[in-house]
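The sequence and the structure are shown here.

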Amino acid sequence: MADVPDVSNEHAAPPGIDFSIVMPAFNAAATIAEAILSILNQSHTGFEILVIDDCSSDATAAIVDEYAAADSRVRLIRRAENSGASACMNAGVELASHDWVAIFDADAVAPPDWLERAAAIATAA
C-alpha cells in the first residue's frame with residue numbers, strides 16, 4: 001500500500017455548513033484511496049467521511065484505516081454482514097454527525113470545489 005499523503009488545507013468551513021460524506025464500499029481497494037483523497041482535498045474543509053465497508057474481502061478496510069489514522073475526519077464502519085449498497089447508505093445516514101449528507105461512491109472523484117459549491121447553494125436558499 002502507498003503511504004497516505006499529508007493533506008493540508010488552508011480554507012475554513014463556513015459556519016453552520018458541515019457535511020457528512022457517506023461512502024459505501026465493497027471490494028473497492030483499487031479506487032477508494034483516490035475517492036477519499038478527492039474529498040480530503042476539498043477547498044471546503046467542514047466535513048467527515050464515513051466509509052461503510054460492506055464486508056470487503058480485499059484491502060478496502062486496511063486502506064481506509066490508514067486514512068482514518070492520518071485524518072480524524074475519516075471514519076471506517078465495518079458491517080457485520082454483506083447487505084448491499086442501500087443498507088450501507090442508510091447506516092451511514094444514521095451515523096452522520098452533520099445535517100448535510102452526501103452519498104459518494106467509492107470509485108468516484110470529486111472536483112476540489114464540490115463541497116464549496118454545495119455550501120454556497122445551501123446558504124443561498
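Two strands are taken to pair if DSSP finds at least two bridges between them. In this predicted model, strand β1 (residues 19-25) and strand β2 (residues 47-53) run parallel and are joined by seven bridges. One of the residues involved is alanine 25, whose bridge partner in β2 is aspartate 53.

**Overall organisation**

The chain contains four helices and four strands. Along the sequence these elements follow the pattern β-α-β-α-β-α-β-α. Of the 125 residues in the chain, 40% are buried. Among contacts with a separation of 6 or more, 83% are between residues 24 or more positions apart.

**The sheet**

The four strands form an open sheet in the order β3-β2-β1-β4, and their pairing is parallel. Strands β3 (74-78) and β4 (100-103) lie at the edges, each pairing on one side only. On average, neighbouring strands of this sheet are turned by 25° against each other, with direction ignored.

**Helices on the sheet**

Helix α2 (residues 60-70) packs on the sheet and touches β1, β2 and β3. Helix α4 (residues 114-124) lies across β1, β2 and β4. The table gives the direction of each helix relative to one strand.

| Helix | Residues | Strands concerned | Angle |
|---|---|---|---|
| α2 | 60-70 | β1, β2 and β3 | about 150° with β3 |
| α4 | 114-124 | β1, β2 and β4 | about 130° to β1 |

**The pair α1 and α2**

Two packed helices are described by the angle between their axes and the distance between the axes. Helix α1 (residues 32-40) packs with α2 at an angle of about 25°, and their axes are 10 Å apart. Angles under 35 degrees count as roughly parallel, and α1 and α2 are therefore roughly parallel to each other. Their crossing is right-handed.

On the α1 side, the contact is made by Ile32, Ala33, Ile36, Leu37 and Leu40. Helix α2 contributes Thr60, Ile63, Val64 and Tyr67. What is the make-up of the contact of α1 with α2 by class? The contact comprises eight nonpolar residues and one polar residue, with no charged residues.

**Summary**

How values were computed
Residues are numbered from 1 along each chain as its sequence is written. This is a predicted model: local features need pLDDT of at least 70, side-chain atom pairs count only at pLDDT 80 or more; totals for chains, interfaces and linings use all residues. Side-chain values use heavy atoms; hydrogens and water are left out. Helices (H or I, at least four residues) and strands (E, at least two) are DSSP runs, numbered from the N terminus. Axes are lines fitted to C-alpha atoms, for helices over the stretch in contact, and angles run from 0 to 180 degrees between N-to-C directions. Contact means heavy atoms within 4.5 Å. Angles under 35 degrees count as roughly parallel, over 145 as roughly antiparallel, 65 to 115 as roughly perpendicular and the rest as oblique. A crossing is left-handed if the near helix is turned anticlockwise from the far one by less than a right angle, and right-handed if clockwise. Ala, Val, Leu, Ile, Met, Phe, Trp, Tyr, Cys and Pro count as nonpolar, Asp, Glu, Lys and Arg as charged, and the others, Gly among them, as polar. Buried means under 20% relative accessible area, exposed over 50%, partly exposed in between (1.4 Å probe, protein chains only).
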